[in-house]
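Subject: Handover of a structure

Dear colleague,

Please find below the structure that I am handing over to you. My findings follow it, and I would ask you to read them with the structure open.

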Amino acid sequence: MLLELYWTFVKVGFTSFGGTSMIPLISQEMLSHEWMTAEDFSNIIAIAEMTPGPFGVNCATFAGMQVAGILGGIIAVLGVLLPAFTLTIFVAACFSKFKTSQTFNGILVVIRPACIGMIIAVIISLLQTNYLVGGTINLYTLGIGALALLLLMKYKWSVPKVIICSAILGIICIGVL
Amino acid sequence: MEIIETVQKTETIESIEKEVQVTTQDNKFIKGIKLFAFFVKIGCFTFGGGWSILAQMEQEFVNKRHDITKEELLDIVSVGKSVPGIMITNISMIFGYQVAGIWGGICSVIGITFPAVVILSIITVCYAAFKDNYWVGCALSGIRAAVAPIIFSSMWSLGKTALKDKFSWCICGVVFLLCSFTSINNVIIILMGVVLAIIRMGVIRKNAA
């Protein structure tokens, strides 16, 4: 199982370009292996966004530890770091050549829009897990979501602030009311 | 001559002077350890990804230690961004490599990931212990409600640079349909995208020639 975990995160590492684009990949791998529930996965995104350090590393640690304890966490992080330790060393060694090369940029022109397509698909599935409770729309969570969207897009609040705010609202609206 | 030299030396701020001297005298091993320490330090205090880390790197290595120039740092960033993997670890690797070879690169990457791993390990243990608590559960449902907007807003800013022409909109649409209505693995979709990109570059090059 540790090997499977490692291989999963190697795949995620090599096919992701930047933080958010990792979410669809990790989501699919976690759910298809049944290492996590959809709810766990939503929580992990919030936790990874709130704690310092690179998003991908945070996700990998959390996911790995959920699956197989501390050793699992370390294995997952090593997996996700493999591109840095192989491909990037190579790139660093021939840095002057890559500086002018258009190859990677040409690939990004196609990959970035593809990532956006994937992220939209993930958002839609998240909407189902987070706002639908037993087939009906939960108005409290929907309200918190709408407020969070407003704070992020219009008032440019930072992500940790928004998360703390929605946690408090969650306690008040769902816990007390 | 000696007098002029001493005058010049006192003119520069003492701390900067020391830093520069130390870095030029150090061997690679010590440099690696220093890189590790620096990246652990910024790894502890950076929220929300790459850009704030870059600002700190600029302050420390460009303005204070003069290890690299600002242009070099920008080059590192533009290359590091486009290599697969986590952007900031790629940038740390290339940067560390330039300062102190492979050893420096490895030290930097381990340095930047180390705090994240420790913090997340602690959180995961707490999460497992507390997620069934009633109040924690309520807070988590509130937080989960904010996750979709958070992803949406970061996708929005990604979209501004990524979706510029009809071609990119088409790719985005096709991938969305593939993800929603087929069970093709996301890894496969990305690999197909890479192949498509290489073919596309080939065609463009041929047309230009």
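In what order do the elements of chain A run from the N terminus on? The order is α-α-α-α-α-α-α-β-β-α-α, which comprises nine helices and two strands. Please bear in mind that this is a predicted model.

**Chain A as a whole**

The C-alpha trace of chain A spans about 60 × 40 × 30 Å along its principal axes. Chain A has 177 residues, of which 54% count as buried. If one takes the contacts in chain A between residues at least 6 apart in sequence, 57% of them join residues at least 24 apart.

**The contact between chains A and B**

Chain A contributes 86 residues to the contact, and chain B contributes 78 residues. On the side of chain A that touches chain B, helix 7 (residues 103–131) of chain A supplies the largest share, with 21 residues. This side of chain A consists of 55 nonpolar, 27 polar and four charged residues.

One helix pair across this contact may be examined in detail. Helix 8 (residues 139–153) of chain A packs against helix 7 (residues 134–162) of chain B, with the axes 8 Å apart and an angle of about 40° between them. The two helices are therefore oblique to each other, since an angle counts as roughly parallel if it is under 35 degrees and as roughly perpendicular from 65 to 115. Their crossing is right-handed.

Which residues meet here? From helix 8 of chain A, they include A:T141, A:I144, A:G145 and A:A148. From helix 7 of chain B, they include B:S141, B:G142, B:A145 and B:F152. By class, the residues of this helix contact are 11 nonpolar, five polar and no charged.

Most residues other than glycine have a negative phi.

A:E34 has a positive phi, near 60°, and is not a glycine. A:E34 lies in the loop between helix 2 (22–32) and helix 3 (38–50) of chain A. Is A:E34 buried or exposed? A:E34 counts as exposed because it has 7 C-beta neighbours inside 10 Å, and the cut-off for exposed is 12 or fewer.

A:K156, likewise not a glycine, has a positive phi of about 55°. The loop that holds A:K156 runs between helix 8 and helix 9 (159–176) of chain A. With 8 other C-beta atoms within 10 Å, A:K156 is exposed.

Yours sincerely

Terms used: Residues numbered from 1 in each chain as written. Chains lettered and ligands numbered in written order. Predicted model: local features only at pLDDT ≥ 70, side-chain atom pairs only at ≥ 80, totals over all residues. Helix = DSSP H or I, 4+ residues; strand = E, 2+ residues; numbered from the N terminus. Buried ≥ 20, exposed ≤ 12 C-beta atoms within 10 Å, placed from the backbone. Contact = placed C-beta atoms within 7 Å. Axes fitted to C-alpha atoms, helices over the stretch in contact; angles between N-to-C directions. Parallel < 35°, antiparallel > 145°, perpendicular 65-115°, else oblique. Left-handed = near helix turned anticlockwise from the far one by under 90°. Nonpolar A, V, L, I, M, F, W, Y, C, P; charged D, E, K, R; others polar.
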